[in-house]
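Here is a short report for a first look at this protein. Please view the chain and the fold first, then read on.

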Amino acid sequence: MKTIELDDDLYFYIASQTRHIGESASDILRRLLEQPSHIAVPVVEPVAAPQPRVVADAVGLQALLDSGELQREEKSINRFMLVLSSLYRDNPESFTQATEIKGRKRVYFSRDPEALRASGSTTKPKQVPDTPFWVITNTNTSRKQNMVAQLMASMGYDEALTAQVCGTV
């Protein structure tokens, strides 16, 4: 067995894909890659990771982190919504990429709450405050962190800030 280092956003993603307690990371990855456990995964040459895009303005998000408002909020759903709202205010154009973030069966973000309801029986869509977007809210904290990590990565935020934000959700 080999040990590898993962970025926080990848770790959150893999952890959010757990189907049952005790499922190993190898089992999760094999399932996601549709590899049977008896077939060896081929060795792939490493590829240089693309450099993250520079975010034009993270002032609102940083102000939210610095204010302590997230730490004072008791419920993860409220922290989640505060983060999403701040991400939208910092860069509304890039936030539209949220609609590309989906689960295996569920749509996570949409401008139409009915699209979210149609993707699952208990999605509990809520509108992200001060935005035209809706998000499903019937997910565990790990899934919410994963959604934020995927969104921030697609918007070009650096890994350190993404990890800091996800840790507060």
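## Overall layout

The protein has nine helices and three strands. Helices (H or I, at least four residues) and strands (E, at least two) are DSSP runs, numbered from the N terminus. From that end the order is α-α-α-α-α-α-β-α-β-β-α-α. The model is predicted: local features need pLDDT of at least 70, side-chain atom pairs count only at pLDDT 80 or more, and totals for chains, interfaces and linings use all residues. Residues are numbered from 1 along each chain as its sequence is written, and side-chain values use heavy atoms, leaving out hydrogens and water.

Two totals describe the protein.

| Property | Value |
|---|---|
| Buried share (under 20% relative accessible area, 1.4 Å probe, protein chains only) | 37% of 169 residues |
| Accessible surface (Shrake-Rupley method, 1.4 Å probe) | about 10400 Å² |

Carbon and sulfur atoms hold 53% of that surface.

## A helix pair

Helix α3 (residues 59-67) and helix α5 (residues 76-90) have axes that come within 7 Å and cross at roughly 150 degrees. Axes are lines fitted to C-alpha atoms, for helices over the stretch in contact, and angles run from 0 to 180 degrees between N-to-C directions. The two helices are therefore roughly antiparallel (over 145 degrees). Val59, Gly60, Leu61 and Leu64 in α3 meet Leu82, Val83, Ser86, Leu87 and Asp90 in α5. Contact means heavy atoms within 4.5 Å.

## Threonine 122

Threonine 122 sits in the loop between α7 (113-118) and β2 (126-127). Not counting residues up to four places away in sequence, threonine 122 touches Arg106 and Asn138.

Note on methods. Angles under 35 degrees count as roughly parallel, over 145 as roughly antiparallel, 65 to 115 as roughly perpendicular and the rest as oblique. Buried means under 20% relative accessible area, exposed over 50%, partly exposed in between (1.4 Å probe, protein chains only).
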